[in-house]
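Me: Please take a close look at one part of this model for me, a loop. Then carry on to other places worth a visit. Keep it brisk.

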Amino acid sequence: MKHIIVGTAGHIDHGKTALVKALTGIDADRLKEEKQRGITIDIGFADLSIGDWQFGFVDVPGHERFVKNMLAGAHGLDVVMLIVAADESIMPQTREHFDICRLLKVKSGLVALTKSDLVDEELLQLAHAEVEDFVKGSFLEGMPIIPISSRTGDGIDELKKALLKLAASIQQKTTSATPRLPVDRAFSIKGFGTVVTGTLIAGELKNADEIEVLPNGARTRVRNLQTHGHDTDVAFAGQRTAVNLQGISIEQAARGSVLTLAGRLRPTSMLDVRLELLESAPRPLLHRSRIRLHHGTTEVMARVSLLSSLEPGVLNADQSAVNPSRQKGQKPNATVETPATGRRTVDAFRIEPGKSDFVQLRLEEPITAIPGDRFIIRSYSPQITIGGGEILDALPDKHRLRDAKARLALEKLMRAKDFISCAGTFIEMAGEGAMTATEIAARTGATDSQIAELATAFKSSKSAIEISRAPLMFISTQAFTSLASQVLETLSAHHEREPLSLGISREEVRERLFGALKPEIFRAVIADLAEQGKVVAERDALRMASHKPALTGADADTKQALEAAFKAAGLQAGTLEEIAAATKLSLQLAKKFYNLLIAERRIVRVGDFVFHVDAIEDLKARIRAHKAINTKIDVAVFKEITGGLTRKYAIPLLEFLDRERITRRVGNEREIL
Ligand SMILES: Nc1nc2c(ncn2[C@@H]2O[C@H](COP(=O)(O)OP(=O)(O)O)[C@@H](O)[C@H]2O)c(=O)[nH]1
Ligand SMILES: [Mg+2]
């Protein structure tokens, strides 16, 4: 069975509800008030199976006052039946509903010329011609225009045939996506609990799935699932779906909510969009205008924050036109001083009717959206449809008015037509921040298996790199390369500054360059540099593979003298301060060479003391040799073996040997391993 959602659109009283009834036998006016007044107030539903196809019909109200409800029904349509009464022809809501369908990018449709029984052939031809002219240049151009009478049944068979033909020609909604069900009704059935209904616009929903209702965030399991009035184990994208939820109130899942799998999507209060202002909009859209945003089944108030493409120069010219008193050479600014009122305005920034531009919408209440979703905007007052467009980024950063970088990213997102290029762009935008699979899922609505495919895609495109498997994480190749060269620069600078030092502390590099980044990134960059043989990562230090501590003649002598002093002291070696004094070196200089000797492992730190590696190796050999005499050793014997070391040295050395696994402490004694 294939599924398709068909909606009505058109002016009030043109016969939308009657047509749905003539097609399906179902009266979609379900409210008492609707039946009494004979007008549709809210959206209604009906279904019909023909052959392999299951049609879900959404009948919308035509009245000007209920466009808000019409929008809640229009969001998930595959096919629209634009209904035009032959006796009245095109009327205001014919235009508004048609604009809405165009802006929502409804894929396909047809025109039903209803009430054909009320007009003669001549009038019918006239209406036909007017409709043909009306849809010219739109998605309905060349689509069937069918004269119908719901009263006599004329044309109904032809309409069914046309619907079947359309259904076969359009692409089905995708099931390989995170499921989303914008709720259009939430009600309660006694003994059953809360039920929500809506058009499943993407993915699949299964019985017992753990779901989340956003933006509320309430979670529960699917208790019962119905599509088109029948129980089912799975609902597919394109089906009218009813979901029984446990432990969630009607208020938590009210119209406008989105039901989705738990933990996948995130509500947002900002949207980056491509917005088209209708040619018929009464005035330009200004920066900071307050508008009504309709998305899915929800309506929220929002402010328009333009992303100006105006170059400072262009703005200059524009402003001097608006404000001739402006001084020449004055710094161009986003704000214009209006001489009459002295008020600062940014009205120089605007979208003219019929034009499109990038815009950031700042919402007064959160919604749940993903890129590719369509939306409609209506003016605050009067409430009329003025535009709409496509969401490009539903989880954007806040942009300033003139943010060239944001515009550039949005251009890219607009051109990204598939998931891989879309995800690639988001990863590029994240830069050094990289993106986890969870972040990609929330940003794009992709499934885990789609995200897993990215690794393969990036391997051939080389645009991004998988830097971690668990958690799955990607970084753009550009950011990765830049971080790697920053590491190399830092190491080079360090070697130049301190030619005697063997390397720089790993922690210092991490903090300085990767401090705010995910820890996996540092690990991956260093591992890559090491693998390429550019960097040597030793214990807690990093150095360029090419780096050799540069010792001049005098330095080499000093280093040697210091090492000799440690060697001569044997196991009686003191602290660094003592050795420095004994060799008549300044503590500062001694420290430098001492660090070098430590890094080269010529000397070993044991507690407060420092021993030459030879003395330590000799000690280990002597202890091992003692094993032939006795496998146990205590402090007294240890002192004997070491030629009478005092406890001051003996205790830290014994503990060191324990750590080195030469000995193991057993009570007061030690076992030689
Ligand atoms: N004669 C005639 N009347 C119709 C036809 N279709 C609808 N009507 C009538 O027109 C009125 C409005 O129809 P309705 O379906 O409620 O219009 P809607 O507001 O577009 O849903 C009702 O009184 C219908 O009986 C038709 O094909 N022929
Ligand atoms: Mg109606």
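Reply: Start with how the names work. Helices and strands are DSSP runs, a helix having at least four residues and a strand at least two, and they are numbered from the N terminus. Keep in mind that this model is predicted.

Now the loop. Ser89 sits between strand β4 (79-85) and helix α4 (92-103). Its phi is positive, about 60°, although Ser89 is not a glycine.

The bond from Leu214 to Pro215 is cis, with omega near 5°. Pro215 belongs to the loop between β10 (210-214) and β11 (218-227). Ser381 and Pro382 are also joined by a cis peptide bond, and here omega is about -5°. Look for Pro382 in the loop between β24 (374-379) and β25 (385-393).

Next, ligand 1. It is surrounded by 15 residues, and the closest are Asp13, Lys16, Ala18, Asp117 and Ser150. By class, this shell has three nonpolar, seven polar and five charged residues. The backbone takes part here. A backbone N or O atom of Ser150 is 2.8 Å from an oxygen atom of ligand 1. For Gly15, a polar backbone atom is 3.0 Å from a ligand oxygen. For His14, the distance is 3.3 Å. Ligand 1 alone exposes 570 Å², and the protein buries 80% of that.

Now charges. Side chains of opposite charge can pair when their charged atoms come close. The whole structure holds 30 salt bridges. One of them joins Lys68 and Glu299, with the closest N and O atoms 3.1 Å apart. Lys68 is in helix α3 (residues 67-74) and Glu299 in strand β19 (residues 298-306), so this pair ties together parts 231 residues apart in sequence.

Last stop: the second largest pocket. It holds about 1100 Å³ of space. Of its 33 lining residues, Arg539, Asp540, Asn595, Ile598 and Ala599 are the closest to the centre. Several elements give two or more residues to the lining, among them β30 (535-538), α17 (587-599) and α20 (647-659). Which element gives the largest share? That is α17, with six residues. By class, the lining has 15 nonpolar, four polar and 14 charged residues.

Key: Residues numbered from 1 in each chain as written. Chains lettered and ligands numbered in written order. Predicted model: local features only at pLDDT ≥ 70, side-chain atom pairs only at ≥ 80, totals over all residues. Heavy atoms only, no water. 1 Å grid on protein atoms, 1.4 Å probe; cavity = no way out; pocket = protein on both sides within 12 Å on 5 of 7 lines; lining within 4 Å. Points joined across faces, edges and corners; volume = space filled by probe spheres on them. Nonpolar A, V, L, I, M, F, W, Y, C, P; charged D, E, K, R; others polar. Near = heavy atom within 4 Å. Polar contact = N/O pair within 3.5 Å; in protein donor to acceptor, adjacent residues only side chain to side chain. Areas by Shrake-Rupley, 256 points an atom, 1.4 Å probe, with all protein chains shown as cover. Salt bridge = Lys/Arg side-chain N within 4 Å of Asp/Glu carboxyl O.
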